[in-house]
Amino acid sequence: MFYNVISIRQDFPGLHQKVNNHPLVYLDSAASTQKPLQVFKKESEFTLYQYAAVHRGIHTLSIQATSMMEKVRQKAANFIHASSAEEIVFVKGTTEAINLVANSFGRKFIGKNDNIIITEMEHHANIVPWYMLSKVIGFEIRILSISDTGKLKLEKLNKLIDAQTRLLSFTHISNVLGTINPVKEIIQQAKTLAASYGTELHVLIDGAQGAMHSIVNMQDLDCDFYAFSGHKLYGPTGIGILYAKKTILDQMPPWEGGGSMIQNVSFKNGITYADAPWRFEAGTPNITAIIGLGAAFDYLSEIGQEKAFSHEEKIMTYATQKLKDIPALVLFGNDKRKGVISFNLGTHHSYDVGLFLDQYGIAIRTGHHCALPLMNRLNISAACRASIGIYTTQDDIDVLFNALKRINTLLG
Ligand SMILES: Cc1ncc(COP(=O)(O)O)c(C=O)c1O
(Lines give C-alpha, C1' and ligand atoms only; values in the text may rest on other atoms or scores of the structure.)
Protein backbone atom coordinates (compact mmCIF):
# COMPACT_ATOMS: atom_id res chain seq x y z
CA MET A 1 0.00 0.00 0.00
CA PHE A 2 1.87 3.08 -1.24
CA TYR A 3 1.30 6.22 0.74
CA ASN A 4 2.90 9.38 -0.59
CA VAL A 5 3.34 11.43 2.56
CA ILE A 6 5.39 14.07 0.73
CA SER A 7 2.53 14.77 -1.63
CA ILE A 8 0.05 14.77 1.28
CA ARG A 9 2.20 17.40 2.98
CA GLN A 10 1.78 19.67 -0.05
CA ASP A 11 -1.89 20.00 0.90
CA PHE A 12 -0.93 21.54 4.27
CA PRO A 13 0.63 25.00 3.82
CA GLY A 14 0.96 25.36 7.59
CA LEU A 15 3.63 22.66 7.65
CA HIS A 16 5.93 24.57 5.30
CA GLN A 17 7.07 27.43 7.48
CA LYS A 18 9.95 28.30 9.74
CA VAL A 19 9.48 28.70 13.48
CA ASN A 20 12.37 30.26 15.41
CA ASN A 21 14.47 29.99 12.23
CA HIS A 22 13.97 26.24 11.98
CA PRO A 23 11.65 24.34 9.65
CA LEU A 24 8.50 23.63 11.65
CA VAL A 25 8.17 20.09 13.00
CA TYR A 26 4.53 19.86 14.00
CA LEU A 27 4.02 17.17 16.62
CA ASP A 28 0.86 18.49 18.25
CA SER A 29 -1.86 16.96 16.11
CA ALA A 30 -3.62 15.34 19.08
CA ALA A 31 -4.42 18.85 20.29
CA SER A 32 -5.45 20.02 16.82
CA THR A 33 -4.44 18.99 13.32
CA GLN A 34 -3.20 21.30 10.60
CA LYS A 35 -5.75 21.98 7.86
CA PRO A 36 -5.48 21.03 4.20
CA LEU A 37 -6.07 23.56 1.42
CA GLN A 38 -9.10 21.56 0.31
CA VAL A 39 -10.94 22.39 3.56
CA PHE A 40 -9.98 26.06 3.41
CA LYS A 41 -11.00 26.36 -0.27
CA LYS A 42 -14.39 24.80 0.33
CA GLU A 43 -15.05 27.05 3.32
CA SER A 44 -14.00 30.21 1.51
CA GLU A 45 -15.96 29.32 -1.65
CA PHE A 46 -19.05 28.73 0.50
CA THR A 47 -18.54 31.92 2.51
CA LEU A 48 -17.94 34.13 -0.53
CA TYR A 49 -20.51 32.79 -2.98
CA GLN A 50 -22.98 30.38 -1.38
CA TYR A 51 -23.48 31.77 2.08
CA ALA A 52 -26.90 32.24 3.67
CA ALA A 53 -28.52 31.33 6.97
CA VAL A 54 -29.93 27.82 6.90
CA HIS A 55 -33.45 26.56 7.74
CA ARG A 56 -36.73 28.33 7.14
CA GLY A 57 -35.29 30.27 4.21
CA ILE A 58 -37.50 30.65 1.17
CA HIS A 59 -34.82 32.12 -1.08
CA THR A 60 -32.49 30.10 -3.28
CA LEU A 61 -29.25 30.68 -1.37
CA SER A 62 -30.80 29.65 1.94
CA ILE A 63 -32.35 26.54 0.44
CA GLN A 64 -29.01 25.61 -1.14
CA ALA A 65 -27.06 26.23 2.08
CA THR A 66 -29.56 24.10 4.04
CA SER A 67 -29.22 21.29 1.54
CA MET A 68 -25.39 21.52 1.66
CA MET A 69 -25.47 21.35 5.45
CA GLU A 70 -27.78 18.34 5.47
CA LYS A 71 -25.49 16.61 2.95
CA VAL A 72 -22.66 16.96 5.46
CA ARG A 73 -24.86 15.27 8.05
CA GLN A 74 -25.11 12.33 5.66
CA LYS A 75 -21.34 12.43 5.04
CA ALA A 76 -20.74 12.29 8.79
CA ALA A 77 -23.08 9.30 9.04
CA ASN A 78 -21.16 7.57 6.21
CA PHE A 79 -17.82 8.44 7.81
CA ILE A 80 -18.67 6.59 11.02
CA HIS A 81 -21.00 4.02 9.41
CA ALA A 82 -24.07 5.16 11.31
CA SER A 83 -27.32 3.73 10.04
CA SER A 84 -28.82 7.12 9.22
CA ALA A 85 -28.09 10.84 9.07
CA GLU A 86 -30.74 11.33 11.73
CA GLU A 87 -28.30 9.86 14.25
CA ILE A 88 -25.93 12.79 13.72
CA VAL A 89 -26.11 15.94 15.85
CA PHE A 90 -23.90 18.92 14.98
CA VAL A 91 -22.18 20.24 18.09
CA LYS A 92 -19.16 22.45 18.82
CA GLY A 93 -16.91 19.50 19.53
CA THR A 94 -16.39 16.48 21.77
CA THR A 95 -16.79 18.57 24.91
CA GLU A 96 -20.18 19.90 23.89
CA ALA A 97 -21.29 16.45 22.73
CA ILE A 98 -20.62 14.96 26.16
CA ASN A 99 -22.28 17.90 27.91
CA LEU A 100 -25.31 17.39 25.69
CA VAL A 101 -25.57 13.72 26.67
CA ALA A 102 -25.09 14.56 30.35
CA ASN A 103 -27.72 17.30 30.37
CA SER A 104 -30.28 15.56 28.20
CA PHE A 105 -29.89 11.79 28.56
CA GLY A 106 -28.32 12.11 32.02
CA ARG A 107 -30.98 14.32 33.55
CA LYS A 108 -33.75 12.07 32.24
CA PHE A 109 -32.32 8.59 32.72
CA ILE A 110 -29.85 8.74 35.62
CA GLY A 111 -31.45 8.90 39.06
CA LYS A 112 -30.25 9.68 42.56
CA ASN A 113 -29.65 6.04 43.50
CA ASP A 114 -27.95 5.15 40.22
CA ASN A 115 -24.30 5.07 39.30
CA ILE A 116 -22.20 5.63 36.19
CA ILE A 117 -18.70 4.39 35.34
CA ILE A 118 -15.85 6.38 33.82
CA THR A 119 -12.16 5.49 33.78
CA GLU A 120 -8.90 6.73 35.20
CA MET A 121 -7.61 7.64 31.74
CA GLU A 122 -10.34 10.14 30.81
CA HIS A 123 -9.87 13.65 29.47
CA HIS A 124 -11.56 16.28 31.66
CA ALA A 125 -14.24 16.54 28.94
CA ASN A 126 -15.44 13.10 30.02
CA ILE A 127 -15.11 13.75 33.75
CA VAL A 128 -16.29 17.26 34.55
CA PRO A 129 -19.76 17.14 32.90
CA TRP A 130 -20.53 13.96 34.88
CA TYR A 131 -19.16 15.39 38.10
CA MET A 132 -21.28 18.54 37.66
CA LEU A 133 -24.40 16.50 36.97
CA SER A 134 -23.78 14.16 39.89
CA LYS A 135 -23.68 17.22 42.17
CA VAL A 136 -27.21 18.09 41.01
CA ILE A 137 -28.74 14.61 40.86
CA GLY A 138 -26.73 12.81 43.50
CA PHE A 139 -25.70 9.66 41.58
CA GLU A 140 -22.39 7.92 42.19
CA ILE A 141 -19.43 8.03 39.80
CA ARG A 142 -17.38 4.82 39.81
CA ILE A 143 -13.88 4.73 38.41
CA LEU A 144 -12.38 1.90 36.39
CA SER A 145 -8.66 1.92 37.14
CA ILE A 146 -5.71 1.29 34.82
CA SER A 147 -2.64 -0.92 35.04
CA ASP A 148 0.94 0.35 35.20
CA THR A 149 1.20 -0.23 31.46
CA GLY A 150 -1.75 2.07 30.84
CA LYS A 151 -4.45 -0.49 30.09
CA LEU A 152 -7.95 -0.54 31.56
CA LYS A 153 -8.31 -3.18 34.26
CA LEU A 154 -11.23 -4.86 32.54
CA GLU A 155 -11.31 -7.69 35.07
CA LYS A 156 -12.57 -5.05 37.54
CA LEU A 157 -15.42 -3.89 35.32
CA ASN A 158 -17.78 -6.67 36.36
CA LYS A 159 -17.41 -5.68 40.00
CA LEU A 160 -18.27 -2.05 39.23
CA ILE A 161 -21.42 -2.79 37.25
CA ASP A 162 -24.57 -3.52 39.18
CA ALA A 163 -28.31 -3.22 38.66
CA GLN A 164 -28.11 0.56 39.22
CA THR A 165 -25.44 1.25 36.60
CA ARG A 166 -26.93 3.45 33.88
CA LEU A 167 -23.92 4.54 31.85
CA LEU A 168 -20.38 3.55 31.00
CA SER A 169 -18.44 6.41 29.45
CA PHE A 170 -14.84 5.98 28.32
CA THR A 171 -12.31 7.07 25.77
CA HIS A 172 -11.60 5.18 22.56
CA ILE A 173 -7.92 6.20 22.54
CA SER A 174 -6.18 7.86 25.48
CA ASN A 175 -4.92 11.35 24.62
CA VAL A 176 -1.93 10.81 26.94
CA LEU A 177 -1.02 7.13 26.77
CA GLY A 178 -2.18 6.39 23.25
CA THR A 179 -3.80 3.22 24.61
CA ILE A 180 -6.42 1.94 22.21
CA ASN A 181 -9.23 0.45 24.23
CA PRO A 182 -10.98 -2.70 22.95
CA VAL A 183 -14.22 -0.77 22.62
CA LYS A 184 -16.38 -3.48 21.05
CA GLU A 185 -15.42 -6.10 23.64
CA ILE A 186 -15.94 -3.69 26.53
CA ILE A 187 -19.40 -2.71 25.25
CA GLN A 188 -20.40 -6.36 24.88
CA GLN A 189 -19.07 -7.24 28.34
CA ALA A 190 -20.85 -4.33 30.02
CA LYS A 191 -24.17 -4.69 28.21
CA THR A 192 -24.32 -8.46 28.75
CA LEU A 193 -23.72 -8.05 32.46
CA ALA A 194 -26.32 -5.30 32.79
CA ALA A 195 -28.81 -7.46 30.90
CA SER A 196 -28.19 -10.27 33.41
CA TYR A 197 -29.48 -7.83 36.08
CA GLY A 198 -32.48 -7.12 33.89
CA THR A 199 -31.36 -3.54 33.29
CA GLU A 200 -30.10 -1.55 30.33
CA LEU A 201 -26.72 0.13 30.41
CA HIS A 202 -25.83 2.77 27.83
CA VAL A 203 -22.31 3.37 26.56
CA LEU A 204 -20.72 6.64 25.49
CA ILE A 205 -17.39 6.63 23.67
CA ASP A 206 -15.20 9.72 23.70
CA GLY A 207 -13.89 9.44 20.16
CA ALA A 208 -11.86 12.67 20.04
CA GLN A 209 -8.65 10.68 19.44
CA GLY A 210 -10.33 7.50 18.18
CA ALA A 211 -11.95 9.02 15.09
CA MET A 212 -8.66 10.56 13.98
CA HIS A 213 -6.59 7.36 14.12
CA SER A 214 -9.00 4.52 13.34
CA ILE A 215 -11.92 3.65 11.13
CA VAL A 216 -15.00 3.69 13.32
CA ASN A 217 -18.15 1.76 12.60
CA MET A 218 -21.16 2.57 14.76
CA GLN A 219 -23.14 -0.43 13.63
CA ASP A 220 -20.30 -2.77 14.45
CA LEU A 221 -19.35 -1.18 17.80
CA ASP A 222 -22.94 -0.97 19.02
CA CYS A 223 -22.24 2.01 21.29
CA ASP A 224 -25.10 4.33 22.14
CA PHE A 225 -23.13 7.56 21.83
CA TYR A 226 -19.89 8.48 20.06
CA ALA A 227 -18.45 11.99 20.31
CA PHE A 228 -15.69 13.58 18.20
CA SER A 229 -14.28 16.94 17.08
CA GLY A 230 -13.75 18.31 13.57
CA HIS A 231 -10.56 20.19 14.40
CA LYS A 232 -8.71 16.94 15.21
CA LEU A 233 -9.83 15.51 11.88
CA TYR A 234 -8.19 18.09 9.60
CA GLY A 235 -11.41 20.12 9.68
CA PRO A 236 -12.34 23.48 11.24
CA THR A 237 -12.61 24.36 14.91
CA GLY A 238 -16.01 24.93 16.49
CA ILE A 239 -17.65 21.90 14.93
CA GLY A 240 -17.99 18.31 16.03
CA ILE A 241 -20.36 15.38 15.94
CA LEU A 242 -22.44 13.58 18.49
CA TYR A 243 -23.58 10.24 17.17
CA ALA A 244 -26.49 8.72 19.10
CA LYS A 245 -28.65 5.74 18.25
CA LYS A 246 -31.90 7.08 16.81
CA THR A 247 -34.03 5.09 19.26
CA ILE A 248 -32.25 6.81 22.17
CA LEU A 249 -32.10 10.25 20.59
CA ASP A 250 -35.87 10.08 20.08
CA GLN A 251 -36.37 9.65 23.83
CA MET A 252 -34.02 12.47 24.84
CA PRO A 253 -35.33 15.95 25.71
CA PRO A 254 -33.69 19.06 24.25
CA TRP A 255 -31.01 20.65 26.42
CA GLU A 256 -30.77 24.12 24.87
CA GLY A 257 -33.76 26.13 23.75
CA GLY A 258 -34.12 28.66 20.95
CA GLY A 259 -34.79 28.96 17.26
CA SER A 260 -34.67 26.02 14.84
CA MET A 261 -35.37 23.38 17.49
CA ILE A 262 -39.15 23.81 17.87
CA GLN A 263 -42.30 22.71 16.13
CA ASN A 264 -44.57 25.26 17.74
CA VAL A 265 -44.29 27.98 20.37
CA SER A 266 -47.45 29.35 21.88
CA PHE A 267 -48.03 31.33 25.09
CA LYS A 268 -51.38 29.61 25.29
CA ASN A 269 -50.63 26.03 24.30
CA GLY A 270 -46.98 25.71 25.28
CA ILE A 271 -44.02 24.52 23.20
CA THR A 272 -43.52 21.44 21.08
CA TYR A 273 -40.10 20.46 19.86
CA ALA A 274 -38.69 19.43 16.50
CA ASP A 275 -37.71 15.83 15.83
CA ALA A 276 -34.22 14.58 16.60
CA PRO A 277 -31.54 15.45 15.65
CA TRP A 278 -32.75 19.02 14.96
CA ARG A 279 -34.19 19.59 18.42
CA PHE A 280 -30.63 19.41 19.75
CA GLU A 281 -29.40 22.18 17.44
CA ALA A 282 -30.80 25.42 18.85
CA GLY A 283 -29.86 28.67 17.13
CA THR A 284 -28.00 29.39 13.92
CA PRO A 285 -25.42 26.64 13.45
CA ASN A 286 -21.77 27.09 12.53
CA ILE A 287 -22.64 26.64 8.88
CA THR A 288 -19.23 27.46 7.41
CA ALA A 289 -17.50 25.04 9.76
CA ILE A 290 -20.03 22.33 8.91
CA ILE A 291 -19.24 22.80 5.21
CA GLY A 292 -15.50 22.65 6.05
CA LEU A 293 -16.02 19.47 8.03
CA GLY A 294 -17.72 17.94 5.00
CA ALA A 295 -14.62 18.82 2.96
CA ALA A 296 -12.42 17.17 5.60
CA PHE A 297 -14.47 13.95 5.36
CA ASP A 298 -14.09 14.05 1.56
CA TYR A 299 -10.37 14.69 1.87
CA LEU A 300 -9.82 11.75 4.22
CA SER A 301 -11.80 9.39 2.07
CA GLU A 302 -9.89 10.52 -1.05
CA ILE A 303 -6.45 9.91 0.46
CA GLY A 304 -7.65 6.59 1.94
CA GLN A 305 -7.92 6.29 5.70
CA GLU A 306 -6.52 2.76 5.80
CA LYS A 307 -3.34 3.82 4.00
CA ALA A 308 -3.00 6.88 6.21
CA PHE A 309 -3.45 4.86 9.41
CA SER A 310 -0.94 2.21 8.42
CA HIS A 311 1.53 5.05 7.71
CA GLU A 312 0.80 6.49 11.17
CA GLU A 313 1.41 3.10 12.73
CA LYS A 314 4.87 2.89 11.15
CA ILE A 315 5.70 6.36 12.43
CA MET A 316 4.56 5.46 15.95
CA THR A 317 6.65 2.26 15.99
CA TYR A 318 9.64 4.24 14.75
CA ALA A 319 9.10 6.99 17.34
CA THR A 320 8.82 4.47 20.18
CA GLN A 321 12.06 2.74 19.13
CA LYS A 322 13.94 6.02 18.70
CA LEU A 323 12.85 7.62 21.97
CA LYS A 324 13.76 4.47 23.90
CA ASP A 325 17.36 5.14 22.82
CA ILE A 326 17.51 8.19 25.07
CA PRO A 327 18.45 6.75 28.48
CA ALA A 328 17.10 9.62 30.60
CA LEU A 329 13.71 9.50 28.89
CA VAL A 330 10.74 7.84 30.62
CA LEU A 331 7.92 6.75 28.31
CA PHE A 332 4.35 6.39 29.54
CA GLY A 333 1.91 3.71 28.42
CA ASN A 334 2.77 0.63 26.40
CA ASP A 335 4.29 0.06 22.99
CA LYS A 336 0.96 -0.42 21.21
CA ARG A 337 0.26 3.32 21.50
CA LYS A 338 -1.64 5.11 18.77
CA GLY A 339 -1.16 8.70 17.71
CA VAL A 340 0.56 10.05 20.83
CA ILE A 341 3.77 9.36 22.68
CA SER A 342 4.14 10.89 26.14
CA PHE A 343 7.37 11.11 28.10
CA ASN A 344 9.43 13.00 30.59
CA LEU A 345 13.11 13.73 30.22
CA GLY A 346 14.93 12.98 33.47
CA THR A 347 13.66 15.26 36.19
CA HIS A 348 13.19 18.22 33.87
CA HIS A 349 9.78 19.82 33.86
CA SER A 350 7.87 19.27 30.66
CA TYR A 351 7.53 23.06 30.17
CA ASP A 352 11.33 23.44 30.08
CA VAL A 353 11.65 20.61 27.57
CA GLY A 354 8.78 22.02 25.50
CA LEU A 355 10.31 25.50 25.46
CA PHE A 356 13.69 24.15 24.36
CA LEU A 357 12.06 22.11 21.61
CA ASP A 358 10.17 25.19 20.45
CA GLN A 359 13.50 26.96 20.00
CA TYR A 360 14.31 24.24 17.44
CA GLY A 361 10.96 24.73 15.70
CA ILE A 362 9.45 21.59 17.23
CA ALA A 363 5.87 21.88 18.46
CA ILE A 364 4.86 19.42 21.16
CA ARG A 365 2.34 19.71 24.00
CA THR A 366 3.32 19.91 27.65
CA GLY A 367 1.47 19.93 30.95
CA HIS A 368 -1.35 17.80 32.33
CA HIS A 369 -3.16 17.27 29.00
CA CYS A 370 -6.56 17.86 30.63
CA ALA A 371 -6.15 14.55 32.43
CA LEU A 372 -5.25 15.41 36.01
CA PRO A 373 -6.56 12.14 37.53
CA LEU A 374 -4.35 10.24 35.06
CA MET A 375 -1.34 12.40 35.97
CA ASN A 376 -2.06 11.52 39.59
CA ARG A 377 -2.23 7.79 38.74
CA LEU A 378 1.12 8.05 36.91
CA ASN A 379 2.54 9.94 39.87
CA ILE A 380 3.60 12.92 37.78
CA SER A 381 2.42 16.50 37.58
CA ALA A 382 2.99 16.91 33.87
CA ALA A 383 4.43 15.24 30.77
CA CYS A 384 5.67 16.02 27.27
CA ARG A 385 3.49 14.69 24.48
CA ALA A 386 4.48 14.36 20.82
CA SER A 387 1.56 13.48 18.59
CA ILE A 388 1.31 12.65 14.93
CA GLY A 389 -1.05 13.00 12.00
CA ILE A 390 -1.40 11.76 8.43
CA TYR A 391 1.40 14.14 7.37
CA THR A 392 4.07 13.20 9.95
CA THR A 393 7.35 11.80 8.60
CA GLN A 394 10.24 9.79 10.02
CA ASP A 395 12.33 12.93 9.53
CA ASP A 396 10.05 14.73 12.01
CA ILE A 397 10.80 12.02 14.56
CA ASP A 398 14.53 12.19 13.83
CA VAL A 399 14.53 15.94 14.42
CA LEU A 400 12.70 15.42 17.74
CA PHE A 401 15.12 12.65 18.75
CA ASN A 402 18.22 14.73 18.00
CA ALA A 403 16.83 17.76 19.78
CA LEU A 404 15.91 15.74 22.87
CA LYS A 405 19.44 14.32 22.99
CA ARG A 406 20.90 17.81 22.71
CA ILE A 407 18.56 19.12 25.45
CA ASN A 408 19.50 16.23 27.70
CA THR A 409 23.18 17.09 27.34
CA LEU A 410 22.58 20.82 27.80
CA LEU A 411 20.33 20.46 30.85
CA GLY A 412 22.48 17.71 32.26
C1 LIG B 1 -9.67 12.25 24.50
C2 LIG B 1 -10.21 13.64 24.36
N3 LIG B 1 -11.46 13.89 24.76
C4 LIG B 1 -12.02 15.10 24.63
C5 LIG B 1 -11.31 16.16 24.12
C6 LIG B 1 -11.97 17.50 24.00
O7 LIG B 1 -12.11 17.86 22.65
P8 LIG B 1 -12.61 19.31 22.26
O9 LIG B 1 -11.73 20.28 23.00
O10 LIG B 1 -12.41 19.36 20.77
O11 LIG B 1 -14.03 19.42 22.64
C12 LIG B 1 -9.99 15.96 23.71
C13 LIG B 1 -9.18 17.09 23.22
O14 LIG B 1 -8.00 17.17 23.38
C15 LIG B 1 -9.43 14.66 23.82
O16 LIG B 1 -8.18 14.42 23.44
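The model is predicted, so local features need pLDDT of at least 70 and side-chain atom pairs count only at pLDDT 80 or more, while totals for chains, interfaces and linings use all residues. Residues are numbered from 1 along each chain as its sequence is written, and side-chain values use heavy atoms, leaving out hydrogens and water.

Q: What makes the radius of gyration of the protein chain agree with a compact globule?
A: The radius is taken over C-alpha atoms, and the globule rule is 2.2 Å times the number of residues to the power 0.38. With 412 residues that rule gives a value near 22 Å, and the protein chain has 22 Å, so the two agree. Along its principal axes the C-alpha trace spans about 75 × 55 × 40 Å.

Q: How many helices and strands does the protein chain have?
A: There are 15 helices and 17 strands. These are DSSP runs numbered from the N terminus: H or I with at least four residues for helices, E with at least two for strands.

Q: Why are α12 and α15 called roughly parallel?
A: Axes are lines fitted to C-alpha atoms (for helices, over the stretch in contact), with angles from 0 to 180 degrees between N-to-C directions. Under 35 degrees counts as roughly parallel, over 145 as roughly antiparallel, 65 to 115 as roughly perpendicular, and the rest as oblique. Helix α12 (residues 305-324) and helix α15 (residues 394-411) pack at about 15 degrees, with axes 10 Å apart, and therefore they are roughly parallel.

Q: Which residues make the contact of α12 with α15, and what are their classes?
A: Contact means heavy atoms within 4.5 Å. Among the residues involved are Ile-315 and Tyr-318 of α12 and Ile-397 and Phe-401 of α15. The contact has eight nonpolar, one polar and two charged residues, where Ala, Val, Leu, Ile, Met, Phe, Trp, Tyr, Cys and Pro count as nonpolar, Asp, Glu, Lys and Arg as charged, and the others, Gly among them, as polar.

Q: What makes α13 oblique to α15?
A: The axes of α13 and α15 cross at roughly 120 degrees and come within 10 Å, and that makes α13 oblique to α15. Val-353, Phe-356 and Leu-357 are the α13 residues in the contact, which by class has nine nonpolar, no polar and no charged residues.

Q: How do you know that β14 and β17 pair?
A: Two strands pair if DSSP finds at least two bridges between them. Strand β14 (residues 340-345) and strand β17 (residues 383-387) have four bridges, in the antiparallel sense. One of the bridge partners is Cys-384 in β17, facing Phe-343.

Q: Why do β13 and β16 stand at the edges of their sheet?
A: The open sheet of four strands runs β13-β14-β17-β16 with antiparallel pairing. Each of β13 (329-331) and β16 (365-367) has a single partner strand, so one side of each is left without a neighbour in the sheet. The twist averages 30 degrees from one strand to the next.

Q: Why are β4 and β6 edge strands too?
A: In the open sheet of seven strands, the order is β4-β10-β9-β8-β7-β5-β6, with mixed pairing. β4 (88-91) and β6 (140-144) each have a single partner strand, so one side of each lacks a neighbour in the sheet. Here the twist averages 20 degrees from one strand to the next.
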